[in-house]
Amino acid sequence: MPAISFQSVSKTYSSARSQTGPVVRALDDVSFDIQQGEFFGLLGPNGAGKTSLISILAGLSRASSGTVKVQGSDVVTDYASARRKLGVVPQELVFDPFFSVREALRIQSGYFGIKKNDDWIDELLVSLGLADKANANMRQLSGGMKRRVLVAQALVHKPQVIVLDEPTAGVDVELRQTLWQFIAKLNKQGSTVLLTTHYLEEAEALCSRIAMLKQGRMVALAQTSELLKAASSNVLRFKIDSELPRHLADQARITGRIVQFPAHSAHEIEQYLAAIREAGLVAEDVEIRKADLEDVFLDVMAEKAVEEPLELNLAGVAT
Ligand SMILES: Nc1ncnc2c1ncn2[C@@H]1O[C@H](COP(=O)(O)OP(=O)(O)O)[C@@H](O)[C@H]1O
Ligand SMILES: [Mg+2]
């Protein structure tokens, strides 16, 4: 039995403002399974539908069609059972400002019918670097600290399936390391992890398998190692002080002074360097590196044009 199963999940949002307003198809026939014990990455640009899919999984929102199960329990018809198996860290920071950290975690335990949970709560507090904040009021905490509490809250009932929606967006390096150490340990002990993140190096390091969403559709699903193998094998990277000629710029990824070209062979690399020389430009700090997950991601997102427009009935939309 898979840990999580998405079967033909679609989701449309209609504007609350008017019945005739725009309809957004946030998810379009998404199907995949996540096996027990996997560390699975769900990637996609902003607006791709990641949070919509997780909200449906968590029972916070209903799919327009399709079925979602957590270890065999349907998230709609068997909600309580599905919810108990899941620990969800939401993308948005939601918290009750009136309680201390420990109180918030006790209340969350009570919500799952767990009465004496202080041993596990203490372990969570220590593992997430929150031990000295146990009695602090939630509203006194920094954003990063609140994020840690959200993670602790999600784990308070020892869920077998852990879902994290952009848990490291805008948080410091220290929290990222603490968090990944802890989540990796839980994964080693058998928990299944579903993660969405903008940090592709995090996904590459942590996730054994990856799905990519673009405008609500699945455009990739593979082992991380397979995705990396399928990518253009090398990247030529250098710095340059002046602007590249148009025909070269069109093929490059440019970030400030840094120029990167995907290259499949030594010959291609030579050709790029010759073209730079011919244009009278000087490339500095030249290096050749293996393609990483970010290169793969950009390739996939550029290739897979979506045939149908997904935003329907756009007339009258206020922008
Ligand atoms: N509650 C909502 N009402 C209307 N549209 C929504 C709502 N939530 C998300 N959307 C739209 O659905 C699409 C997918 O959003 P989301 O699932 O948040 O993507 P992601 O998490 O990948 O950034 C976007 O176009 C977004 O604007
Ligand atoms: Mg999101």
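This is a predicted model: local features need pLDDT of at least 70, side-chain atom pairs count only at pLDDT 80 or more; totals for chains, interfaces and linings use all residues.
Biologist: Which element supplies the largest share of the shell around ligand 1?

Modeller: The residues that surround ligand 1 include Tyr13, Val24, Ala26, Lys50, Thr51 and Ser52. Both β2 (23-34) and α1 (50-57) supply at least two residues of that shell. The largest share, three residues, belongs to α1.

Biologist: How many residues in the shell around ligand 1 are charged?

Modeller: Sorted by class, the shell around ligand 1 holds four nonpolar and six polar residues. The charged residues number one.

Biologist: Are helices α3 and α5 roughly parallel or roughly antiparallel?

Modeller: Helix α3 (residues 101-111) packs against helix α5 (residues 143-155) with the axes 9 Å apart and at an angle of about 25°. Because angles under 35 degrees count as such, the relation of α3 to α5 is roughly parallel.

Biologist: How many charged residues take part in the contact of α3 with α5?

Modeller: On the α3 side stand Val101, Ala104, Leu105 and Gln108, which meet Val149, Ala152 and Gln153 in α5. These residues divide into five nonpolar and two polar, and the number of charged ones is no charged.

Biologist: How far apart do the C-alpha centres of domain 1 and domain 2 lie?

Modeller: The domain assignment gives domain 1 as 4-228 and domain 2 as 233-290. Their C-alpha centres are separated by 39 Å.

Definitions and conventions: Residues are numbered from 1 along each chain as its sequence is written. Chains are lettered from A and ligands numbered from 1 in the order in which they are written. Axes are lines fitted to C-alpha atoms, for helices over the stretch in contact, and angles run from 0 to 180 degrees between N-to-C directions. Helices (H or I, at least four residues) and strands (E, at least two) are DSSP runs, numbered from the N terminus. Angles under 35 degrees count as roughly parallel, over 145 as roughly antiparallel, 65 to 115 as roughly perpendicular and the rest as oblique. Two residues are in contact if their C-beta atoms, placed from the backbone, lie within 7 Å. Ala, Val, Leu, Ile, Met, Phe, Trp, Tyr, Cys and Pro count as nonpolar, Asp, Glu, Lys and Arg as charged, and the others, Gly among them, as polar. Domain bounds come from an automatic or database domain assignment. A residue is near a molecule or strand if its C-beta atom, placed from the backbone, lies within 6 Å of it.
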